[in-house]
Amino acid sequence: MTKEQVFITVIGKDQKGIIARISNAVFAHNINIEDLNQKIMGGYFVMTLLADITDSSITITRLKKELSLIEGEMDLKIQVQHENIFKTMHRV
């Protein structure tokens, strides 16, 4: 079975609870976090998360909509991209 993966990127002013909110949101939909890279740069929180959505019933569109609620509440910029789109955009 082929995995279906998405990249979730999060950027915004550093504050408590960003990782908790994002990880709880994806966990609630049976999404497995496979890799996570997070850094604070000049007071800004920057995170890239690779998640396996193979076992989840949520669509990427619905996931984007749910994460947009967190985006608005925490004044963040959150992007969700299917792995294939991400790879195409970042192909050298």
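**Salt bridges**

I searched the whole structure and found three salt bridges, counting a side-chain nitrogen of Lys or Arg within 4 Å of a carboxyl oxygen of Asp or Glu. A note on what I am reading: this is a predicted model, where local features need pLDDT of at least 70 and side-chain atom pairs count only at pLDDT 80 or more, while totals for chains, interfaces and linings use all residues. Residues are numbered from 1 along each chain as its sequence is written, and side-chain values use heavy atoms, with hydrogens and water left out.

I looked at one of the salt bridges, where the side chains of glutamate 34 and lysine 3 meet at 2.8 Å, N to O. Glutamate 34 belongs to strand S2 and lysine 3 to the segment before S1, so this pair ties together parts 31 residues apart in sequence. My helices (H or I, at least four residues) and strands (E, at least two) are DSSP runs, numbered from the N terminus.

**The sheet**

Next I traced an open sheet of four strands, antiparallel in its pairing and ordered S2-S3-S1-S4; two strands pair if DSSP finds at least two bridges between them. S2 (32–41) and S4 (76–82) are at the edges with a single partner strand each, so one side of each has no neighbour in the sheet. From one strand to the next I get an average twist of 10 degrees.

S2 and S3 (residues 44–52) run antiparallel and are joined by nine bridges. Along this pair I noted asparagine 32 opposite aspartate 52, and asparagine 37 with threonine 48 as its bridge partner. The hairpin of S2 and S3 has two residues between the strands, and glycine 42 there takes a positive phi near 60 degrees.

**The helices**

Which way do H1 and H2 run relative to each other? Their axes, for H1 (residues 18–27) and H2 (residues 60–74), come within 11 Å and cross at roughly 160 degrees. Axes are lines fitted to C-alpha atoms, for helices over the stretch in contact, and angles run from 0 to 180 degrees between N-to-C directions. The two helices are therefore roughly antiparallel, a label for angles over 145 degrees.

I then listed the contact (heavy atoms within 4.5 Å): Ile18, Arg21, Ile22, Ala25 and Val26 in H1 meet Leu63, Leu67, Ile70, Glu73 and Met74 in H2.

How values were computed: Parallel < 35°, antiparallel > 145°, perpendicular 65-115°, else oblique.
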